[in-house]
Amino acid sequence: MCGIVGYIGWRDAAPVIVEGLKNLEYRGYDSYGVATGTDHLMVVKRKGRISEQTECVAKCLGTRGIGHTRWATHGPPNDINAHPHSDCTGRFTIVHNGIIENYAELKRGLESRGHHFASDTDSEVIAHMIEEAWEGDFPAAVRAVLPILEGSYAILALCADSDEVIAARKRSPLVIGIGDNEFFASSDATPIVAYTRDILVLEDGDLAVMRRGSIAMEHGGVPIIRKTTYVDYDIEAAKKGGFAHFMLKEIFEQPDVFQQSFRLAQKHPEISSLLSHAHGVSIIACGTSYNAAMLFRYFAEKECGIPVRVDMASEYRYLSTPSDEVVIAVSQSGETADTLSALRKASSCNCPTIAITNVQGSSITRAAEQVIYMGAGPEMSVAATKSYMAQFAAFAGLLSGMNCNNGTSSVERSARQAIEEALLTDVSEAVALCVKASTLFYVGRGIFYPVAMEGALKMKEISYIHAEGYAAGEIKHGPFALLTEDTPVIAVCLPGDSYQSMLSNLREMKARFTPLIGIGYEDDVDLQDVADVLIPVPKGDTYAQVAAVTVLMQRIAYYTALALGRDIDKPRNLAKSVTVE
Ligand code: F6R
């Protein structure tokens, strides 16, 4: 969480930083700030969104600077807690992404030695520590502070007396763009690609000193050279392109995304083969990526008979890690802290590791032995839609290589067609019921259980309506107490081995006067009979059904949030990349 940007070169730094931070706003958007340097440092910081800032950073002059867009961890969002943070003298200022776990102890020590703190943040200790360590050499002062910091950080620092920008990284992402006599630092490459595609990815323990026309890298105090990589990035894909919201645009991109991601995964027959011969497969992921992993579990167990364990990455550290399991980490951003640490645990237990991610050069790609890129293109909306579809498609592509499903071309074609139809299906009656609700249940059985979980997650995060995804068979074991005539249930009821049980569950709910939104076949008379609203799913194989139901649920959530006037692309309290545990 939190986005940071730095610049040193020949342009005015503030506009570069402000534009960069706008691109990073998906990482956090409760406050922002910019500092630039000439012979003294100018700092401007405010509660609110960088995208809504007017001219307040205009007074930040100079051709070197740093900036931050915040997702609060320590202290509420306000002007004071916004970054950059400075020391007592105003000579040093820093921006930080991550968490300094020992900050309380460090702060007590600094205060006892006469330092005055302005903010409630953990980050401010860094500026005061640099002040204490300074003996006239800025890089040496930063170098001395880093080993004392416990936790995670990506730091950019400025000193009024040195024409340098210093960057340091430990377990929080940080990249540097190498331009023509200019350097850009950022939490990811998006703010940089408009200027240069040559990107250098910092490793944990790296420190970079950027000066005019030169950069010096070191690792643990020892000078090193890191190679740059050329980043492929579609700048147009990161614009709204006429849609009201990124989320809607990304939902509409899904026919192509499914196809692209399916094909990319098929280019890894060695991974399909590894999975086919594995004693067991374990998947670690968070949120939407977890829900996508659950899809693989149902398909792989049913079609290939392979036992698949799916764990929330945040819980993985408390569980056993058998070394004969192949471990797959799934993460759109490739930077989710819990997924990364779970992946590192799996590596340390000698498990073969695979990453499925959407972001080139992200931390996860360097922590795993093998990588599958999802090819979804930049996903700007905080709520994941096309990346979930891409993860599903990647799993489908891997399964096709395992020769257990019903053939490559049919899955690709049928899913694409189903998505296209689901994009045009009328969901307005369902939306009308959801808008009035304060609690919703999403239910399904078998493969449609994770689909229901994902539907509920989408609804709650963008509409703020409490929504729970449940296995339909479980709902009698407690949640039934919550069902009333004001608690709509969205139920997936499609022909297959769960169909009859599903219908019985729906009838039981109907007997409690629950408004039922059935997602199933249009000509299903039994479903018509029990459901208050029927949202039709195009006929097709199970992959096509999963894809179509996913799209329908995304659209129900989107239009409900729209009707409620929510901030769809930037829901309250959330951030796209969760880089703290
Ligand atoms: C929900 C959503 C989150 C992410 C989760 C993991 O729409 O986006 O639940 O799926 O934070 O993120 P990644 O996939 O980047 O690891």
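How many salt bridges does the rule find across the interface of domain 2 and domain 3? The rule finds 1, a salt bridge being a side-chain nitrogen of Lys or Arg within 4 Å of a carboxyl oxygen of Asp or Glu. Its partners are the side chains of lysine 302 and aspartate 497, at 3.4 Å from N to O.

The model is predicted, so local features need pLDDT of at least 70 and side-chain atom pairs count only at pLDDT 80 or more, while totals for chains, interfaces and linings use all residues. Residues are numbered from 1 along each chain as its sequence is written, and side-chain values use heavy atoms, with hydrogens and water left out.

The domain assignment (automatic or from a database) gives domain 1 (3-230), domain 2 (245-405) and domain 3 (422-568). The C-alpha centres of domains 2 and 3 are 25 Å apart. Contact (heavy atoms within 4.5 Å) joins 27 residues of domain 2 with 25 residues of domain 3.

The two domains bury about 2,200 Å² between them. This is accessible area (1.4 Å probe) lost on putting the two parts together, summed over both. Carbon and sulfur atoms carry 72% of it. In domain 2, the most area is lost by His245, Met247 and Tyr298, together 22% of what that side buries.

On the side of domain 2 that touches domain 3, two or more residues each come from α5 (246-252), α6 (254-266), α8 (287-304) and α12 (386-401). Helices are DSSP runs (H or I, at least four residues), numbered from the N terminus. The most come from α8, with 10 residues.
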